[in-house]
Amino acid sequence: MRFSLIEQETNDIDWFFVDMNNEIGFVASGGGRLPNSIADNKYNLSSYFRNLSNISDYKLNNDLLKIGETETLKQYFDFILLAKKGLYCFDKIDLNNFDDTRYNLIVKPVRGLKVDEIPSNILKILNITKLKLELNKIKELDVNLID
């Protein structure tokens, strides 16, 4: 079953992917266009990743710290929780533009979770969506770069 364009535009859908280094990224779609590999499959991996143990400290994207640190920590609490699990976390740049396919890095782990730490049934789903870049080298993600 596929996410329709209306579902994509009207929902904040959590999705996950793997990069060239076998590290894992998380995106909160913010009503944005999904990569085809996600739109074509209504897999929900959120509860799996949210229930993992913490393995890492995190680093906030300092380019986004336009408000006080306490407010930033409140605003990005969910992203920080996932970064502590070892995921690179991205959020929609332009919430009012469905066709804008860009996402900002919000927070990254000090130690990224690797695919060899994931059970095979989860990895099978996760490997459907791949980024042709290294997460540790980017601050902006474009859905068009994801298979």
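This is a predicted model: local features need pLDDT of at least 70, side-chain atom pairs count only at pLDDT 80 or more; totals for chains, interfaces and linings use all residues.
User: What should I keep in mind about the numbering and the model?
Analyst: Residues count from 1 along each chain as its sequence is written.

User: Why is D100 called buried?
Analyst: Buried means under 20% relative accessible area, exposed over 50% and partly exposed in between, with a 1.4 Å probe and protein chains only. D100 has 9% relative accessibility, so D100 counts as buried.

User: What makes D100 and R102 a polar contact?
Analyst: The term asks for a pair of N or O atoms within 3.5 Å; within protein, one must be able to donate a hydrogen and the other to accept it, and residues adjacent in sequence count only if both atoms are side-chain atoms. The side chains of D100 and R102 are joined at 2.9 Å.

User: Why is the pair of W15 and F17 called tilted?
Analyst: Rings of Phe, Tyr and Trp (its six-membered ring) pair if their centres lie within 6.5 Å; planes under 30 degrees apart are stacked, over 60 edge-to-face, and the rest tilted. Here the centres are 5.7 Å apart and the planes at 45°, so the pair is tilted. The whole structure has 8 aromatic pairs.

User: How do you know that K92 lies over the face of Y103?
Analyst: NZ of Lys or CZ of Arg must be within 6 Å of the ring centre and within 35 degrees of the ring normal. K92 is at 5.7 Å from the ring centre of Y103 and lies over its face.

Notes:
Side-chain values use heavy atoms; hydrogens and water are left out.
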